[in-house]
2 protein chains.
Amino acid sequence: MNYYIGLDIGGTNLKAGVVDETGNILSESDIPTGADRPQEVVLQDIISAITGAIAASAVSKNNILAVGVGSPGMVDSETGTVIYNNNLGWHDFKIGDLLGKALNLPVRVENDANAAALGEVIAGSAKGVSSAMIITLGTGVGSGFVIDGKIWTGFNSMACEFGHMVIEKGGRLCNCGRRGCFEAYASASGLIAMTKDAIAKNPDGKLAELAKKEGHVSGHTAFDAKDMGDEAAAKLIDNYIDYLACGLVSLINGLQPEVISIGGGIGKQGERLLVPLRKRIDEEVYGAGHDVNVKKTKIVSCTLGYKAGLIGAAMAAKQIIK
Amino acid sequence: MNYYIGLDIGGTNLKAGVVDETGNILSESDIPTGADRPQEVVLQDIISAITGAIAASAVSKNNILAVGVGSPGMVDSETGTVIYNNNLGWHDFKIGDLLGKALNLPVRVENDANAAALGEVIAGSAKGVSSAMIITLGTGVGSGFVIDGKIWTGFNSMACEFGHMVIEKGGRLCNCGRRGCFEAYASASGLIAMTKDAIAKNPDGKLAELAKKEGHVSGHTAFDAKDMGDEAAAKLIDNYIDYLACGLVSLINGLQPEVISIGGGIGKQGERLLVPLRKRIDEEVYGAGHDVNVKKTKIVSCTLGYKAGLIGAAMAAKQIIK
């Protein structure tokens with residue numbers, strides 16, 4: 001059997017893994033990214049992580065055919081370069097070339113959200129479907145569009161940044177500098193900001209009580225308070241889902257993927273997110289209200305967690321091998 | 001050489017044409033659609049139009065391999081059915097089956113905007129590019145996404161309705177029943193409504209004078225008044241382009257097509273639309289303001305006019321023949 005290395009670069013940690021050709025992870029290693037150090041030093045650590053993962057897997061290096069890298073930020077897959085990443089402070093990091101020379105293996109570099117999307121399609125929530133949009137609701141809103149088992153990267157490998165689709169022109173300021181982006185509302189950060197606002201307005205309410213007990217406000221604070229019967233929380237969740245559905249309906253109207261998988265911290269809320277979300281989408285989607293018999297996009301939760309990125313990066317590497 | 005029939009169904013007229021395999025139209029016929037008549041009667045007229053186009057082309061019926069239909073509304077390409085069309089009043093019109101039996105030819109039914117997009121990619125403004133989004137700014141906003149020479153129809157053939165992507169949540173009422181759709185702002189109808197508003201506010205201005213002279217307000221009234229130095233018109237066009245760019249930037253961020261072609265009445269404005277539009281897109285697109293070297297989506301005008309629909313429908317039919 002042939003094997004592939006998957007590398008998932010995060011802001012804090014990076015993970016390397018040996019993955020078989022069907023998407024099973026055989027071994028993993030996990031090290032701090034330390035992105036603020038010189039690129040040569042980061043690179044040495046990455047190589048150590050990969051070597052460590054290979055050793056732990058008991059797979060012969062000869063049976064490893066390629067390396068896949070999932071990196072946040074703007075990635076040029078053609079040249080294997082991380083063009084720009086604000087959080088890591090990387091600019092024109094030619095990680096593909098450098099890693100390829102060091103390991104003597106072909107390397108495929110992809111955006112991390114795209115790699116994770118491919119992982120969910122090959123081994124997770126959207127396994128085997130003809131088309132899927134994977135939406136990660138975390139610090140930002142990541143998105144990846146997979147068609148017939150291939151990541152849609154656009155002609156310049158800069159797709160798919162639907163987190164930066166404007167849903168409310170002139171609205172909330174987004175990290176990208178634009179106003180009103182989907183990400184500014186539908187991310188876990190967006191929900192946390194909304195929850196903090198609600199707490200500030202009603203410091204004696206259930207939300208405030210819950211946040212105090214847990215020591216912080218998280219993406220599930222409002223979901224928990226709603227489950228405890230709090231009306232303010234229920235309203236807040238309604239409002240959040242209204243924004244989330246707004247963006248998803250636009251993507252369904254435009255692209256009609258077979259599946260949309262929701263991941264990230266908010267994706268973990270499962271059916272307490274999905275039940276009201278599906279209802280809202282059904283009400284808003286193009287053609288709603290007419291008596292039409294149309295196959296509907298399935299809305300599900302991601303199932304692989306952080307492993308999606310590892311598996312997807314490795315499987316993207318597999319695709320460059322004939 | 002092999003030939004294909006292209007049929008483009010419009011609200012008022014429908015056109016049939018004989019198209020060769022490279023996308024040249026040999027002959028055309030044009031008849032009133034009369035969509036409010038019984039489907040059998042409409043069908044007989046369509047067959048006459050096709051027969052007429054074949055006769056005019058001097059191509060032998062034996063060399064015609066398939067028929068492509070471009071229809072407005074919700075189309076199920078798999079079953080060849082126009083599921084629903086509000087303007088034509090059609091509901092479950094099984095035009096593919098009926099036409100196929102009558103002509104004894106395979107039939108492919110596509111949404112008209114999708115067919116037109118394929119036409120522009122095969123023989124027009126986006127000829128030969130790897131991916132293109134064709135945006136038609138007319139009564140509505142039509143969109144079609146073509147990847148590697150194939151229309152992206154989604155898993156259920158209902159893509160691509162990016163005219164119904166919300167850009168201003170809770171904003172202007174759209175014909176689809178939702179609020180804030182791209183179409184409500186960026187269509188020719190949107191611009192005409194904005195122009196009428198401006199005239200109502202300033203009935204002695206240049207815009208009002210021009211509209212009076214021409215007898216009506218059109219999609220080019222404001223462009224013409226701007227060219228004549230009218231400041232109110234310049235502001236109006238700026239505002240219109242701001243909305244148009246807002247939607248297009250979201251599509252670029254998400255899909256990164258090699259080309260976006262602008263068609264319909266507004267597309268005919270050419271460089272007086274495109275020059276400020278490209279500038280606005282450059283300012284707003286993801287990564288703008290960072291020193292990054294990324295290939296940019298080309299923004300151009302459609303070149304085929306109504307012929308795009310005919311050619312694209314015929315070429316979609318060609319794709320079902322092995």
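In what order do the strands of the open sheet in chain A stand? The order of the 5 strands is 3-2-1-4-8, with mixed pairing. This is a predicted model, in which local features need pLDDT of at least 70 and side-chain atom pairs pLDDT 80 or more, while totals for chains, interfaces and linings use all residues. Residues are numbered from 1 along each chain as its sequence is written, with chains lettered from A and ligands numbered from 1 in the order in which they are written.

**The sheet in chain A**
- Strand 3 (25–32) and strand 8 (107–111) of chain A are at the edges with a single partner strand each, so one side of each lacks a neighbour in the sheet; strands pair if DSSP finds at least two bridges between them.
- Strand 4 (residues 64–71) and strand 8 of chain A run parallel, joined by 5 bridges.
- In this pair, A:V67 stands opposite A:V107.

**Two helices in chain B**
- The axes (lines fitted to C-alpha atoms, over the stretch in contact, with angles from 0 to 180 degrees between N-to-C directions) of helix 3 (residues 112–123) and helix 11 (residues 307–318) of chain B come within 6 Å and cross at roughly 90°.
- That makes helix 3 of chain B roughly perpendicular (65 to 115 degrees) to helix 11 of chain B.

**A residue to look up**
- Leaving out residues up to four places away in sequence, B:A117 touches residues including B:I134, B:F145 and B:G312, where contact means C-beta atoms, placed from the backbone, within 7 Å.

Notes: Helices (H or I, at least four residues) and strands (E, at least two) are DSSP runs, numbered from the N terminus. Angles under 35 degrees count as roughly parallel, over 145 as roughly antiparallel, 65 to 115 as roughly perpendicular and the rest as oblique. Two residues are in contact if their C-beta atoms, placed from the backbone, lie within 7 Å.
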